[in-house]
Amino acid sequence: MTAVKNRVKRAQGQLGGVLRMLEESRDVSDVVVQLKAVSRALDRAGFAIISADLRRQVAEGETLQPEDLDRLERWFLSLA
């Protein structure tokens with residue numbers, strides 16, 4: 001989870017940069033590029049969290065029930 005925390009902190013810094021860009025009335029295309037980077041970083045953090053949860057369940061020998069798989073699929077698709 002350390003990598004996920006670092007990714008979120010990086011996205012937080014990027015988002016602060018976006019806010020500064022808006023306050024400075026920077027070019028729209030530059031702002032959009034940075035927003036896209038923030039969005040991608042957060043999506044990747046979400047995928048990593050889902051993956052970590054799945055790995056934990058498997059490592060602990062949990063039997064994945066259909067409702068567990070449905071839940072994981074909903075989380076995954078919500079980020080796609």
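User: What does Ala 11 count as at its relative accessibility, buried or exposed?
Analyst: The relative accessibility of Ala 11 is 2%. Buried means under 20% relative accessible area, exposed over 50%, and partly exposed in between, with a 1.4 Å probe and protein chains only. At 2%, Ala 11 therefore counts as buried.

User: What kind of model is this, and how are its residues numbered?
Analyst: This is a predicted model, in which local features need pLDDT of at least 70 and side-chain atom pairs count only at pLDDT 80 or more, while totals for chains, interfaces and linings use all residues. Side-chain values use heavy atoms, without hydrogens and water, and residues are numbered along each chain as its sequence is written, from 1.

User: Which pattern does the chain follow along the sequence?
Analyst: Helices (H or I, at least four residues) and strands (E, at least two) are DSSP runs, numbered from the N terminus. The chain has 3 helices and 0 strands. Read along the sequence, the pattern is α-α-α.

User: What is the radius of gyration of the chain?
Analyst: The radius is taken over C-alpha atoms, and the globule rule is 2.2 Å times the number of residues to the power 0.38. For 80 residues that rule gives 12 Å, and the chain is well over this, so it is more spread out than a compact globule. The C-alpha atoms fill a box of roughly 55 × 25 × 10 Å along the principal axes. The radius of gyration is 17 Å.

User: Which helix holds Ala 11, and which residues does Ala 11 touch?
Analyst: Ala 11 is found in helix α1. Its C-alpha atom is separated by 5.2 Å from that of Val 38, 27 residues apart along the chain. Contact means heavy atoms within 4.5 Å. Leaving out residues up to four places away in sequence, Ala 11 touches Val 38, Ala 41 and Leu 42.

User: How far does helix α1 reach from its first C-alpha to its last?
Analyst: Helix α1 covers residues 2-23, which is 22 residues. The expected span of a helix is 1.5 Å times one less than its number of residues. The reach of α1 is close to the expected value, at 32 Å.

User: Which helix do the buried residues of α1 pack against?
Analyst: The buried residues of α1 are Val 4, Ala 11, Gly 17, Val 18 and Met 21. They cover an arc of only 135° around the axis, taken from the directions from the helix axis to the C-beta atoms, so they lie on the same side of α1. On the other side of α1, the exposed residues are Thr 2, Lys 5, Lys 9, Gln 12 and Glu 23. The buried residues pack against α2 (28-59).

User: What is the phi of Ser 25?
Analyst: Ser 25 lies in the loop between α1 and α2. Ser 25 is exposed, because its relative accessible area is 64%. Most residues other than glycine have a negative phi. Ser 25 is not a glycine, yet its phi is positive, at about 55°.

User: How far apart are the end C-alpha atoms of α2?
Analyst: Helix α2 has 32 residues, which should span 46 Å at 1.5 Å a residue. After α2 comes Gly 61, with a positive phi near 75°.

User: Which helices do the buried residues of α2 pack against?
Analyst: In α2 the buried residues are Val 31, Val 38, Ala 41, Ala 45, Gly 46, Ile 50, Asp 53 and Gln 57. They pack against α1 and α3.

User: Which residues does Gln 57 touch?
Analyst: The place of Gln 57 is in helix α2. Gln 57 is buried, because its relative accessible area is 2%. Not counting residues up to four places away in sequence, Gln 57 touches Glu 62, Leu 64, Asp 68 and Arg 71.

User: What is the relative accessibility of Phe 47 and of Phe 76?
Analyst: Phe 47 counts as partly exposed, and Phe 76 also counts as partly exposed. The value for Phe 47 is 27%, and for Phe 76 the value is 43%.
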